[in-house]
Amino acid sequence: MPLHRTDPEPVVTYEGVRSSREFGEIHRRFRRFALPTVLGVLGWYFLYVVLAAFFPDLMAVRVVGEINIGLCFGALQFVSTFAVTALYLRWARTSLDPMVDQLRGRLERGGLR
Amino acid sequence: MTAFPALSAVVAAASVGEPAVNISIFAAFVAVTLGIAVWASGANSTTTDYFAAGRSITGRQNGVAIGGDYLSAASFLGIAGAVALSGYDGFLYSIGFLVGWVVVLVLIAEPLRNTGRYTLADVLTYRLRRGPVRTAAAVSTLVVSLLYLLAQMAGAGALVNLLLGVSGGWGQNLTILVVGLLMTFYVLVGGMKGTTWVQIVKAVLLMIAAVLLTFWVLGSAGFNLSGLLSDAASRSASGNGVLRPGLVYGATLTSKINFISLSMALVLGTAGLPHVLMRLYTVPNAREARRSVAWATWLIGLFYLCTLVLGFGAMWLVGSGRIATAPGKANAAVPLLAFQLGGTLLLGLVAAVAFATIIAVVAGLVISASASFAHDIYAGMIRKGAIEHHEEVRTARYTAVAIGLLAIIGGIYAKNQNVAFLVSLAFAVAASANLPTILYSLYWPKFTGRGALWSIYGGLASSILLIVFSPVVSGKLDPHTGASLSVITDPGVDFAWFPLENPGIVSIPLAFFLGWLGSVTSREQVDTARFARLQVRALTAVGAARASRR
């Protein structure tokens, strides 16, 4: 089965694949996940760093016993890193891998190496 | 093992613990890892075998090996020590080393595996003008690896001072020599496969030691974290100041901005470290590369959580005062804590783990530097690709020996210098010279060869120049004693004009800007066919399996 594309000819070049609808969808999905995730994680990290550098009094406010906001915030950096890692693994496995496998299988059968 | 009796003969009883125990545990590690290197040497005929372990490492194994490659002695002893002396700010420092892995996982690991073969330069030249870009990437790979290498070798000298009571003179030199010869042997004989298994063994030992000590400390504190913190703070000269940020980085506006600059280098540098990225080529495909990074993240995160407890544990059980006056200062915190908790045997274990850590990291650095020289500079530039597998492997082996010698000489020369800044400098150079080009070439259609050259050389030159003219190299004086804290120890020499001790905040944005500027002002035609090939292959792995089998 040829790739769906505006013209009916089967796709054989990488440029052709790149402008195909299937690849466009994979690319779009990847961008929609990757960009906000990475920017979000970095933003969250720099928020923490800036707060620690410029607002140490806020970080020193106690939550429970000797455990203050700063320690909780630091621990949350670990939690968020682990959570994003797990989220990415699951997202890639369910939302990206099946589409990629389908497209790759077809391209490799179709002679594009 | 002829070196060890000679070494132990010089070791005076002045040190903490029993050098014989330290040395015999370390000797056991050496024996096991030498066996591994010899076992791995069977399959090292092709470049793929030698540089990428025949792509036979599984994702989980590789994740553990990445942990072994990444967690240096500076992490194990240095960060826990920083927590023990300055509390919260040490913890703050460790977080950047972990968060950076998200960038590797989401943006870099899989495309890198799909489009490259052995080195960083492979990925860039997949779409850009080949020659000069390959050389530039190899140069920055070599610079980052050598900076990091020098820090590790000097650390080995400092460690022996601390653990065996050998200070100065030939005892330290001998240790540096032994470390240098060992890691050269692993790389020479075992190639990437041997290096990988040395790193796996080391990572397992390191994690066992860290988790064991952490539980021990928590157990001693009755599993009451709040109690541990307040007991620890009461043993510190700064009191409750150790529980909040600001002790180190909060003094002045300059030190705050310096900390932001350091954080940028740490969080963005991980994704540009050539010796870590090279590990991603040892797995069979991009999915395994993804798994590797996830495993590495779990391990590295757990490890830094342990260093937090170990640091406060050392503050509590050993006391900041004793740590600050011990030989090795901050680096002594974990060894002293281990001695306090479990006596000679536990100290011996920690000492052996620390040495194993240095050797495994150094072996990873040597193989990445020698691969880059043999594959990018010799095979790619000098021989223009007309080279047989075995010749390329032979060149890499010669290079490994040369780098090993360089590391031994450099380590001996730098052993009593203040070189702790080299690790964060390596991260800054990696974040400036490598990361922008990697990201642009993977994701930006209009990126050109000129943009890559401007970004790599601009990032490299700016980060190194700024360090040379920073207080790290000259003019930083101790406010109380007036003694110099810089690399140049003459307090009269001061040519520093850049106020920060880490160049990241300037050099990283500059390198991104230069990459953009070089590309948009270039007359070079963007090769859309090659970019299409890169993008399709990066995301879908079409044809990647065949290309990487070569």
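**Entry 1, overall build of chain B.** I began with burial: of the 550 residues in chain B, 66% are buried. I keep in mind that this is a predicted model. Next I looked up the secondary structure, and chain B comes out with 21 helices and zero strands. Its radius of gyration is 23 Å, close to the 24 Å from the globule rule for 550 residues, so chain B is as compact as a globular protein of that length. I also took the extents of the C-alpha trace along the principal axes, and they are about 65 × 55 × 45 Å. Of the contacts with a separation of 6 or more, 81% join residues 24 or more positions apart.

**Entry 2, the loop between α3 and α4 of chain B.** I went through backbone angles here. Most residues other than glycine have a negative phi. Ala53(B) has a positive one, about 50°, without being a glycine. I found Ala53(B) in the loop that runs between α3 (47-52) and α4 (59-70) of chain B. Arg55(B), also not a glycine, has a positive phi near 50°, and it too belongs to the loop between α3 and α4 of chain B.

Are these two buried or partly exposed? I counted C-beta atoms within 10 Å. Ala53(B) has 27 others, so I put it down as buried, the cut-off being 20 or more. Arg55(B) has 19 C-beta neighbours inside 10 Å, so it goes down as partly exposed.

I noted the crossing of α4(B) with α13(B) as right-handed.

Which residues make the contact? On the α4(B) side I listed Gly59(B), Arg60(B), Asn62(B), Gly63(B), Val64(B), Ile66(B), Gly67(B) and Tyr70(B). On the α13(B) side they include Trp295(B), Leu299(B), Ile300(B), Glu288(B) and Arg291(B). Sorted by class, the contact of α4(B) with α13(B) has eight nonpolar, five polar and three charged residues.

I counted 45 residues of chain A in contact with 44 residues of chain B. On chain A, the elements that each supply at least two residues to this side are α1 (14-18), α2 (21-54), α3 (56-59), β2 (67-68) and α4 (69-109). Which of them gives the largest share? It is α4(A), with 16 residues. By class, the side of chain A that touches chain B has 30 nonpolar, nine polar and six charged residues.

I picked α2(A) and α6 (residues 88-115) of chain B. Their axes come within 10 Å and cross at roughly 170°. Angles over 145 degrees count as roughly antiparallel, so that is how I describe α2(A) and α6(B). From α2(A), the contact uses Ala34(A), Thr37(A), Val38(A), Val41(A), Tyr45(A) and Ala52(A). From α6(B), it uses Leu92(B), Val99(B), Val102(B), Val103(B), Val106(B) and Leu107(B). How many of the residues in this contact are charged? I found no charged ones; the contact of α2(A) with α6(B) has 11 nonpolar residues and one polar.

Terms used:
Residues numbered from 1 in each chain as written. Chains lettered and ligands numbered in written order. Predicted model: local features only at pLDDT ≥ 70, side-chain atom pairs only at ≥ 80, totals over all residues. Helix = DSSP H or I, 4+ residues; strand = E, 2+ residues; numbered from the N terminus. Buried ≥ 20, exposed ≤ 12 C-beta atoms within 10 Å, placed from the backbone. Contact = placed C-beta atoms within 7 Å. Nonpolar A, V, L, I, M, F, W, Y, C, P; charged D, E, K, R; others polar. Rg over C-alpha atoms; globule rule 2.2 N^0.38 Å. Left-handed = near helix turned anticlockwise from the far one by under 90°. Axes fitted to C-alpha atoms, helices over the stretch in contact; angles between N-to-C directions. Parallel < 35°, antiparallel > 145°, perpendicular 65-115°, else oblique.
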